[in-house]
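Have a look at the structure, then read on.

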Amino acid sequence: MSTANLPPAGTPADDEGFRRRAGALLHSAAGDLRRTSRSAAADLGLTDADYAAHLAPEQGFSWDLAQRAATVWPLNERDLVPVRNDCPRGVRVLRATESASSARVFQRGGIDYYEYRATAMSRLASFRPAWIRMLSVVTDDDPHNADVHWNNGHMLYQFTYCVGPVNYYYRWNGRDHVLRMNTGDSIWGLPFSPHTFTARNAEEPAYVLALTYGGELMGDAQHELAALGPDTARGFALDTDSAAAAQGRLLRSYLDASALPLEHAAELSGIPAGRLAGVADGGTTLTPDEVTALAAALRLSPRDLLPVVPDAVDGVSVCPAATSRSWYHPPPGTATTGCANWPATGCTRTPAPWRSTRSAPTPTPPTRPSRPCAPTSTSTSTTSAAAPSGWPGSTAASGTKRCWNPARRPTSRRSSAPSSPAAVAATPPTPPACSRCASAAG
Ligand SMILES: [Fe+2]
């Protein structure tokens, strides 16, 4: 697909849909406020004909009307602003050439620090990915190195996928941390945690895909919390030191909101009052049966009584490439597309001979080797796993290539393969690499 899914330059995305939904939103808002078309028109100072025109797609969205509605009705202008669908064909595509042409270099501390490039994204979701190359090169892992310049953190969560020798620095509860990252290592971080990246050498490319997103906090939730103010908003934050503490706070909040004495809730749910008090005090958690009984008594969904317990440590969750799980889908022998290298490289070419000789599947998903086949890795990183050959950022040239191709697994790993004749017969044939991957692998 090409960038034909984008509107012509100078045309807002989804103009027709935007206009149509503007009328529908106005009609819906008036209905929610128990207004007929005539009474809505009177409220807004419009004639019946003018009001009807605003509902029609030809008229489109009007800021004046939205402001008037927000003046006379208990709603916000944003309640009447429709979204623009910039993804009418289901995908957004940004070609590498377009991404490269978007490159811009930002400075920190008076030095070139990051090169940013655009990635595909849509206004329909709060995901804000960016390709970021580290321009500041350090020779140590000191978070106070003069060439390390931190940000102040940001509201968005951030998942980061690393390529090359990247240092990731993050601050949590006043403590600075450094992680030596390499290709395939990834990290997820909580909002408002200051962080930054550098490169460990200038010879290899060092860059990341930084996927930031707002989760459930962006949009209406953020606006509502902002309107309530920080003191009230702080009260919504549950104690998440433990599952018991979080569930206790959650239970207390529902009991308080419904002005229901704990003893009465115990009676309604059949849970002994002493036991329920222990839960409310954060001393223990509800059993599944108790959750069901209490949810029915409080007229809640059982889900409402289940707390979210963070699994991040010091504000981050790290997934080193060397220990990340891998699997084949579809299992080997059942693939309808893709060469032998597809799990590692994403190559979706189908070798022509394989297409005609594919046999019935006998899935035996191989695991990715934890050791290189050849040459031996010289990486010194504690979380390293260099890129497979053919990947951007592959370090094959510097002798740190690791082979993720099951056909080229280390000898020691091959020993775990079926050895009996019957087992060998049941092993599905491995599809060959396509011509491009075969030549790239040498
Ligand atoms: Fe960030």
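This is a predicted model: local features need pLDDT of at least 70, side-chain atom pairs count only at pLDDT 80 or more; totals for chains, interfaces and linings use all residues.

Glutamine 107 has aspartate 112 in β2 as its bridge partner. The two strands make a hairpin with 2 residues between them, and glycine 109 in the turn has a positive phi of about 60°.

Moving on, β2 also runs antiparallel to strand β3 (residues 128–134), again with 5 bridges. Here tyrosine 114 sits opposite methionine 134 in β3. Another pair to look for is strand β7 (residues 186–189) with β10, which is antiparallel too; in this one, serine 186 faces cysteine 319 in β10.

Here are those pairings side by side:

| Strand pair | Sense | Bridges |
|---|---|---|
| β2 and β3 | antiparallel | 5 bridges |
| β7 and β10 | antiparallel | 4 bridges |

So how does the sheet line up? It is an open sheet of 7 strands with antiparallel pairing, in the order β1-β2-β3-β9-β4-β7-β10. β1 (104–108) and β10 (316–319) are at the edges with a single partner strand each, so one side of each has no neighbour in the sheet. From one strand to the next, the twist averages 25°.

How confident is the predictor? The protein averages a pLDDT of 80, and 73% of the residues score at least 70. Residues 1–5 have a pLDDT below 50, and this stretch has 10 contacts in the model beyond near neighbours in sequence. Over residues 352–429 pLDDT also stays under 50, and the model has 130 contacts for them beyond four places in sequence.

Key. Residues are numbered from 1 along each chain as its sequence is written. Two strands pair if DSSP finds at least two bridges between them. Axes are lines fitted to C-alpha atoms, for helices over the stretch in contact, and angles run from 0 to 180 degrees between N-to-C directions. pLDDT is the predictor's confidence in each residue, from 0 to 100. Two residues are in contact if their C-beta atoms, placed from the backbone, lie within 7 Å.
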